[in-house]
Amino acid sequence: MPDSLVLDQMRVLSLAEGFFQSNVLFALLRLNVFEHIGEGAISSAELAGKLDVRPETLARLLDAGVALKILESQDGRIFRIDGSFRSVLLPSAGTSYLGDWLLNLEYFRDALAHLDEAVHTSSPVAEFLEDAKGEREHTRRFTLAMHNYAVLRGRELVRHLDTAGCQTLLDVGAGPGTYAFHLAEANPDLQIYLVDVPEVLEVAREIAKSFRISKPVTYLGLDLRVSDIEGTFDIILVSNTLHMLGETESRRLLSKLFPHVAPGGSLVIQAQFLDDNRMGPRWPVLLDLIQLCITESGRNHAVGETRAWLEDSGFTDVEYCPMTLTNTNSFLRAWKH
């Protein structure tokens, strides 16, 4: 077989076998293997006792973890966590922890397994919001996942989004509130208001305790798509929310928010924007397919179309601000003069 065909096969197989790596990682995480090993090392027999599983069965999973360089072992008996995984998958990792985010990706994996069906029927194969209704643990895990993702990226938002002179900020679809908490911590004059459903805000209240915020936080447990609020705000932040709504609902929400921006104030849309040709970057394209699988009308959006939505809602002087290459987030800031 020509070398070029071998390389072609290797490329295709590498892509198709990607599930192997993620499934091993998800299994190790769900079994609390990382937590039980901790900073040190443990024998497979002792770990099997802690997990109440058969040692020979667990050994097969641990061996796969070593093959993928998630775990380390010199003799096949004693295992420790590879340094790069230890720094983000132990609860002691603090703000670097990614465990909840990975479990959220596992949910997305299950939905994407039926992507062909979603394309064939033009309808979701999993109902994210329906799955969350009445399932506090589902809601809690998703909210903590958003916090995992936002902690480091929130620090970067603070460096790029100037809030000098602003007194009030409304965070719409706030989730864990992480971005607003970072902004309030950096600007002691900023009074923040978080809007989301009550079950999500329960988790946000817990997360707020890890930030040093000067002014009391106001929590508004409602859905702005169907409910109203009063007052105006110097900044309204809509972060990683519009992709779940689609164009029609996004336009409606932005028009509804326009009167609540104070004169001279601004509205900020932070998102994982698609390129205008919709063929990249990698994660925003994936996010678009996730919305196809788990929402009725969700659709990721590009910078150009989002700019048009803002201008059609009455905003002017729309500015685009990319951040570092390692941050999939960027934002548009539009003004109300």
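This report walks through aromatic pairs, a cavity, strands and some backbone details of a predicted model.

## How to read the model

Because the model is predicted, local features need pLDDT of at least 70 and side-chain atom pairs count only at pLDDT 80 or more, while totals for chains, interfaces and linings use all residues. Residues are numbered from 1 along each chain as its sequence is written, and side-chain values use heavy atoms, with hydrogens and water left out.

## Aromatic pairs

A pair of aromatic rings is described by the distance of the centres and the angle of the planes. Here, rings of Phe, Tyr and Trp (its six-membered ring) pair if their centres lie within 6.5 Å; planes under 30 degrees apart count as stacked, over 60 as edge-to-face and the rest as tilted. By this rule the count comes to 7 aromatic pairs. One of them is edge-to-face: Trp-101 and Trp-283, at 6.3 Å centre to centre with 65° between the planes. This pair links distant parts of the chain, with Trp-101 in helix 7 (residues 99-112) and Trp-283 in helix 14 (residues 282-294), 182 residues apart. Helices (H or I, at least four residues) and strands (E, at least two) are DSSP runs, numbered from the N terminus. Are these two Trp residues buried or exposed? Trp-101 is buried, and so is Trp-283; buried means under 20% relative accessible area, exposed over 50%, and partly exposed in between (1.4 Å probe, protein chains only).

Phe-181 and Phe-211 form a tilted pair, because their ring centres are 5.4 Å apart and their planes stand at 45°. This pair also links distant parts of the chain: Phe-181 belongs to helix 11 (residues 178-186), Phe-211 to the loop between helix 12 (198-208) and strand 6 (218-221), and the two are 30 residues apart. Both Phe-181 and Phe-211 are buried.

## Charges over rings

What sits over the ring of Tyr-149? The charged end of Arg-153 does, 4.0 Å from the ring centre. A charge sits over a ring if NZ of Lys or CZ of Arg is within 6 Å of the ring centre and within 35 degrees of the ring normal. Elsewhere, Lys-336 lies over the face of Phe-258, 4.7 Å from the ring centre.

## A cavity

Rolling a probe the size of a water molecule over the atoms shows where empty space is left. On a 1 Å grid over the protein atoms alone, a cavity is a set of points where a 1.4 Å probe fits but cannot get out, and lining residues have an atom within 4 Å of a point. Grid points are joined across faces, edges and corners, and a volume is the space filled by probe spheres set on the points.

A search of the whole structure finds 1 cavity of 30 Å³ or more, and the largest cavity has a volume of about 30 Å³. Its lining is made up of Leu-224, Arg-225, Glu-249, Arg-252, Leu-253 and Lys-256.

## Strands and their partners

Two strands pair if DSSP finds at least two bridges between them. An open sheet of 3 strands has the order 1-3-2 with antiparallel pairing. Strand 1 (41-43) and strand 2 (71-72) are at its edges with a single partner strand each, so one side of each is left without a neighbour in the sheet. Strand 1 pairs with strand 3 (residues 78-81) over 3 bridges, and Ala-41 has Arg-80 of strand 3 as its bridge partner.

Strand 10 (residues 330-335) is mostly covered, with 6 of its 6 residues buried. Ser-330, Leu-332 and Ala-334 point one way from strand 10, and Phe-331, Arg-333 and Trp-335 the other way. Strand 8 runs antiparallel to strand 10, joined by 6 bridges, and Ser-266 stands opposite Trp-335. Strand 9 (residues 316-322) also pairs with strand 10 in the antiparallel sense, over 5 bridges, with Glu-319 opposite Arg-333.

## Backbone details

Most residues other than glycine have a negative phi, and most peptide bonds are trans. The bond from Gly-280 to Pro-281 is cis, with omega near -10°, and Pro-281 is found in the loop between strand 8 (261-271) and helix 14.

Asp-52 has a positive phi near 60° and lies in the loop between helix 4 (44-51) and helix 5 (55-67). With a relative accessible area of 71%, Asp-52 is exposed. Asn-240 also has a positive phi, of about 50°, and lies in the loop between strand 7 (233-239) and helix 13 (247-257). Asn-240 is buried, with a relative accessible area of 15%.

Key. On a 1 Å grid over the protein atoms alone, a cavity is a set of points where a 1.4 Å probe fits but cannot get out, and a pocket is an open set with protein on both sides within 12 Å along at least five of seven lines; lining residues have an atom within 4 Å of a point.
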